[in-house]
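These are my notebook entries on one structure.

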Amino acid sequence: MHTLDNNYNTAPQTLSCTGRVDPRGVRLTRAMIFAIEEINNSTELLPGVKLGYQIHDSCASVPVAMHAAIQLLNGNDSVFNSGDNCSHSGVVMAVVGEFGSTPSMSISHVTGPFNIPLVSPYSTCACLSDKKQYPNFFRTIPSDYYQADALAKLVKHFGWTWIGAVRSDSDYGNNGMAAFLEVALREGICVEYSEAFYRTDPRSKIKRVADIIRRSTSKVVVAFTAIGDMKILLEELAQEPPPPRQWVGSEAWITEPQLLSYTFCAGAIGVAIQQSVIPGFRDFLLDLSPSEVRGSSVLTEFWEDAFNCSLTESDRTSKRMCNGKEDLTTLQSPYTDTSQLRISNMMYKAVYAIAHAIHNALFQKVNFTLLQTGVKRLESKEVFTELKKVNFSQNGYHVSFDGNGDPVAFYDLVNWQKSESRTIVPLTVGFYDASLPEGQTFRINRKITWVAGGTQVPVSVCSESCPPGTRKVLQKGKPICCYDCIPCPEGEISNMTDSPDCIPCPGEFWPNSKKDACFHKPVEFLSFDEVLSIILAVFSVGGAFLAIITGMLFFHHRTTPIVRANNSELSFLLLFSLTLCFLCSLTFIGAPSEWSCMLRHTAFGITFVLCISCVLGKTIVVLMAFKATLPGSNAMKWFGPPQQRMTVVSFTFIQVIICIIWLVVSPPFPVKNLTTYKEKIILECALGSAVGFWAVLGYIGLLAVFCFVLAVLARKLPDNFNEAKMITFSMLIFCAVWITFIPAYVSSPGKFTVAVEIFAILASSFGLILCIFAPKCFIILFRPEKNTKKHLMNKNQH
């Protein structure tokens, strides 16, 4: 098509087409004629009525298409027609066309005000579904809205989230790609680049698009292009070793035979118009005689171009004269290729749709005899109204239109595979049916071959999927498909792939090592089956047995001076309290319960006060005994056995009162400690009232300090066996242990807190029994000669 420069000073030049005739276009034209002749020969559809037609070549140009549309409206002579006389010549009931979306828009604007329906077999732009702008537009091919949806679901199905996109810089490419990108965004697909080009663009621009494809990191390219544009791009890519790219194609080019020669596109997959069969159509295409061809300028041009001969004498200088023996059956051309009738069937259905609309308008609304007599003429508006309602099947293919003039969308899924002869052929591997429920519209029922002949689905992602246990963190300035995988923070998990966030485990749960599941935290307490517990229990029971054996030894030698000295009754009571002190440490081992928590603290507090009270009583007895040896002193009169018992009972009773108040007001109770360790639960006894706990400890400490002071004062009294010295050492150990215990108790974590408390109990108990009773037992067992009253009363003998 030449570009015309209209200066408005002279009449414009006549629009004309340049270039070779398109064999495919001729085949589509013949498909329309074939359908019209079938209808005219039918006894059921439009009986007694003959359809006529006019065919105009738009040359894929909007100005020429507009000119042809105006010719149709004005009733100008046709380029070629059926040759029959028509009773209503010049009256156009409907228009079939255009193939391109942009020319269809222009023709619709021209024919729309006259209510002349326009039925297109190949205009797919979703914009034509807008009934406000194109109220008279219908089509038998699905809208690009469904094609975009099918392509996006196809890309999503194979896990490609990082793709490149190229499109024709036309209404078809721009609107189709816009619809695809909208669906792709909803499906979570990211586009690395989106480039538009047109076949008439400078080579530098085509090369730039090809270089972008070569340099890209995405392995999948979605091409929403027309055939001519795609061919130009593939030619440019073939100039250098093409990159391994998985092509995803729109219906415009995915089944185009002339593109199958680009072998580096093997494995391409895309959607195509449903493959069809039109009975008798191939015979009709091949049934062309030279005389019939000479009657049409378009067929003449096709014939001469196909066989490289001339049908007229004027062209004999450049071509040989056709001899009439040319055979279409031997011709390898898109015209004769009926192996995959796709668009031809769309043309076939468009003609039948118009015929059904005319039939309904004639035979349902008026008396046909009126039409025959000329009283009633059929109006295009009536055909337009009936066309909205058509609903029929032809050759097994359903035809109907929705409120937007669109048919039910159905696509074949086509895959470029190498045949046994090493040539590439487009094979149908599945389908897309928009009439099926959501989630079932897309099916694959055949093995697919991928780029470079691979059998595994190629991977095209900006970032690898984040495994469970990590979360996605978007990379700054990049699409949402580009991200880093960050391990979940402590205490949180993600249990699915590509998780955007990590979720914290509930309080009593903790993540596993992979951080993809929460499990119950291990419960920690000082159990009886632990080595540490066994050691402490052995020492506890051993200490109790030591106290009992010592008591038995003392009872056996109860009449000896060393036992009777310093009140044997207090000694036996002290040994009993020490036995309880050793045994009370066992209450700290095992899982805490309400009773064990109350028992362990109160038993510890009372038994230790009983023990210290006995030691304190023995210390006072030593002091009183010294006072009694002084002339005129009757000190022992005021601190005899009854007073000693009363002292022990009184001091112990005070601790009992403190413990009772503690248990009544706020007793200790078992608790799950979730804060000390995040990864485990510590079962421990909460103090309940911290004041009660420290009051118990403080009272023990007060008695111990008082006893220690008295023992220090009595340590140098002139006796051969001065028990105050032993008491001083024992109280020194006792106070040292418990002073050390306080910071150790506060800082020890978990079960070691209990272990420290048990250790303090055992250490102080062993300190008391060893310092006070070990020297006496040594004399009883190994130095009996010193176990005499004379030896004990000798103040100067050492």
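Is cysteine 482 buried or exposed? I find cysteine 482 buried, with a relative accessible area of 1%; buried means under 20% relative accessible area, exposed over 50% and partly exposed in between, with a 1.4 Å probe and protein chains only.

Entry on the source. The model is predicted, so I note that local features need pLDDT of at least 70 and side-chain atom pairs count only at pLDDT 80 or more, while totals for chains, interfaces and linings use all residues. Residues are numbered from 1 along each chain as its sequence is written, and side-chain values use heavy atoms, with hydrogens and water left out.

Entry on the disulfides. I searched the whole structure and found eight disulfides, a disulfide being a pair of cysteine sulfur atoms within 2.5 Å.

I looked up the partner of cysteine 482 and found a disulfide to cysteine 462, S to S 1.9 Å. The torsion about this S-S bond is about 105 degrees, so the disulfide is right-handed. Cysteine 462 sits in the loop between strand E15 (442–444) and strand E16 (470–474), and cysteine 482 in the loop between E16 and strand E17 (483–487), 20 residues apart; strands (E, at least two residues) and helices (H or I, at least four) are DSSP runs, numbered from the N terminus. Cysteine 462 is partly exposed, at 26%.

I then took cysteine 466, which is joined to cysteine 485 with S to S 2.0 Å. Here the torsion is about -95 degrees, so the disulfide is left-handed. Cysteine 466 lies in the loop between E15 and E16 and cysteine 485 in strand E17, so the pair ties together parts 19 residues apart in sequence. Cysteine 466 is buried at 0%, and cysteine 485 is partly exposed at 32%.

Entry on the helix pair. I checked helix H2 (residues 62–74) against helix H3 (residues 101–111): their axes come within 9 Å and cross at roughly 30 degrees. The axes are lines fitted to C-alpha atoms over the stretch in contact, and angles run from 0 to 180 degrees between N-to-C directions. With contact taken as heavy atoms within 4.5 Å, Val62, Ala65, Met66, Ala69, Ile70 and Leu73 in H2 meet Thr102, Pro103, Ser106, Ile107, Val110 and Thr111 in H3.
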